[in-house]
Amino acid sequence: MHQPELEEALTTIARTQQAVRRAVLRWTLSPSLAAWGLVWLVGFPASLLLAGDALTLLWIGLVALGLAVSFGTQFLTARRLRSPQGRRHGLSWAVASGYLGLWASLLFPRDPELASFVLVTAIMAGYVLYGIWITPFMAILGLFVTAVAVVGHLAGPAPYALLVGLLGGSALIAGGLRVWWSSRDDAR
Amino acid sequence: MTLDERIHQPTRLRIMAALAALAPETEVEFTTLRDLLGLTDGNLSTHLLRLEEAGYIRVRKAFVARKPRTFLALTPYGRAAFERYRAQLVALLSGQFPLPADSPPGDRDGSDERGGPP
């Protein structure tokens, strides 16, 4: 047995494990990131153009789209991978989303912009925590969008809607595409 | 120091590495692993059988949406064997131990099956 053979074995382990971790991220994260990015990209700027029932209906439709993609992604992932941790992760996200929805619905009638800011930054806190535990990329994305939201919040409602919609939404879409493209066929 | 030839064979090494990259108790569906590693059904099945015989992986059959599916997971014994194998590789490459002698040709294709799970 020679040294190059052993080095090759170690390289194979590293390459294979990286490819598997990237593939799992692609299945679990990529479609949801892109879908929610699209929701933000359309929804936030539309808040400046629409009002009343039209805006409410638009947001209901967009959120329904985001939720459908998120749940669909989890459903498809569960056909590929099954683990007790995965079920707990999914349940944790569902519980957090439920609480966020509750807080946002209470805050929204009093201050829609503040409700949106709390919702966006709370979701980004989740991204940062996900980044700490799973992949640093999500922490970077979460911190970036948080910074965008804070700047927008300080600048006022219209800049907030534009910044979070255009910059934040685009960052989520770019993040989803990056995760997707970086993991194509790299385990073979 | 001798390396575990049941793991050292290149295809089985990739299978073990892939399963070890997942959290403990995580199961992966057969066709997903096949596509990830770019293997054929037959090739993957052959190597999975050897790893299952060694007690390194667990194979579970289930019906998902009325279709039969096969799920695979590393056993704790298999995970420990893989970590031991990787530690041995690092130790050998660091020069702490002399490199093992060349294995007989049969070993690399898995004919050397020693022992099993406790």
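Chain A has seven helices and one strand. Helices here are DSSP runs of H or I with at least four residues, strands are runs of E with at least two, and both are numbered from the N terminus. Read from the N terminus, the elements of chain A run α-α-α-β-α-α-α-α. The C-alpha atoms of chain A fill a box of roughly 75 × 30 × 25 Å along the principal axes.

This is a predicted model, in which local features need pLDDT of at least 70, side-chain atom pairs count only at pLDDT 80 or more, and totals for chains, interfaces and linings use all residues. Residues are numbered from 1 along each chain as its sequence is written, while chains are lettered from A and ligands numbered from 1 in the order in which they are written.

Confidence comes next. The model scores ipTM 0.82 and pTM 0.80. Chain B averages a pLDDT of 85, where pLDDT is the predictor's confidence in each residue, from 0 to 100. In chain B, 84% of the residues score at least 70. The highest mean in chain B is 97, in helix α2 (residues 10–20). The lowest is 47, in helix α6 (residues 105–108) of chain B. Over residues 105–116 of chain B, pLDDT stays under 50. For that stretch the model has 18 contacts beyond four places in sequence. Two residues are in contact if their C-beta atoms, placed from the backbone, lie within 7 Å.

Within chain A, look at helix α2 (residues 30–49) and α3(A). Their axes come within 9 Å and cross at roughly 175°. Axes are lines fitted to C-alpha atoms, for helices over the stretch in contact, and angles run from 0 to 180 degrees between N-to-C directions. That crossing makes α2(A) roughly antiparallel to α3(A). Angles under 35 degrees count as roughly parallel, over 145 as roughly antiparallel, 65 to 115 as roughly perpendicular, and the rest as oblique. On the α2(A) side, the contact residues include Trp36(A), Val39(A) and Gly43(A). On the α3(A) side they include Trp59(A), Leu62(A) and Gly66(A). By class, this contact has 13 nonpolar, six polar and no charged residues. Ala, Val, Leu, Ile, Met, Phe, Trp, Tyr, Cys and Pro count as nonpolar, Asp, Glu, Lys and Arg as charged, and the others, Gly among them, as polar.

Now the interface. In total, 24 residues of chain A are in contact with 30 residues of chain B. On chain A, the elements giving two or more residues to this side are α1 (3–28), α3 (52–80), β1 (81–82) and α4 (84–107). α1(A) gives the most, with 13 residues. The chain A side divides into 11 nonpolar, seven polar and six charged residues.

α1(A) and α2(B) pack at an angle of about 45°, with their axes 8 Å apart. The two helices are therefore oblique to each other. Their crossing is right-handed, meaning that the near helix is turned clockwise from the far one by less than a right angle. From α1(A), the residues that meet α2(B) include Ile13(A), Thr16(A) and Val20(A). Their counterparts in α2(B) include Leu13(B), Arg14(B) and Ala17(B). The residues of this contact divide into eight nonpolar, three polar and one charged.

Four strands form an open sheet in the order β1(A)-β1(B)-β3(B)-β2(B), with antiparallel pairing. Two strands pair if DSSP finds at least two bridges between them. The edge strands are β1(A) and β2(B), each pairing on one side only.

Walk across the sheet from chain A. β1(A) pairs with β1(B) (residues 27–29) over two bridges. Here Leu81(A) has Val28(B) as its bridge partner, and Arg82(A) stands opposite Glu27(B). Two bridges then join β1(B) to β3(B) (residues 67–74). Val28(B) also stands opposite Leu72(B) in β3(B). Eight bridges join β2(B) (residues 57–64) to β3(B). Among the facing residues, Arg60(B) stands opposite Phe71(B). β2(B) and β3(B) form a hairpin with two residues between them. In the turn, Ala65(B) has a positive phi of about 50°.
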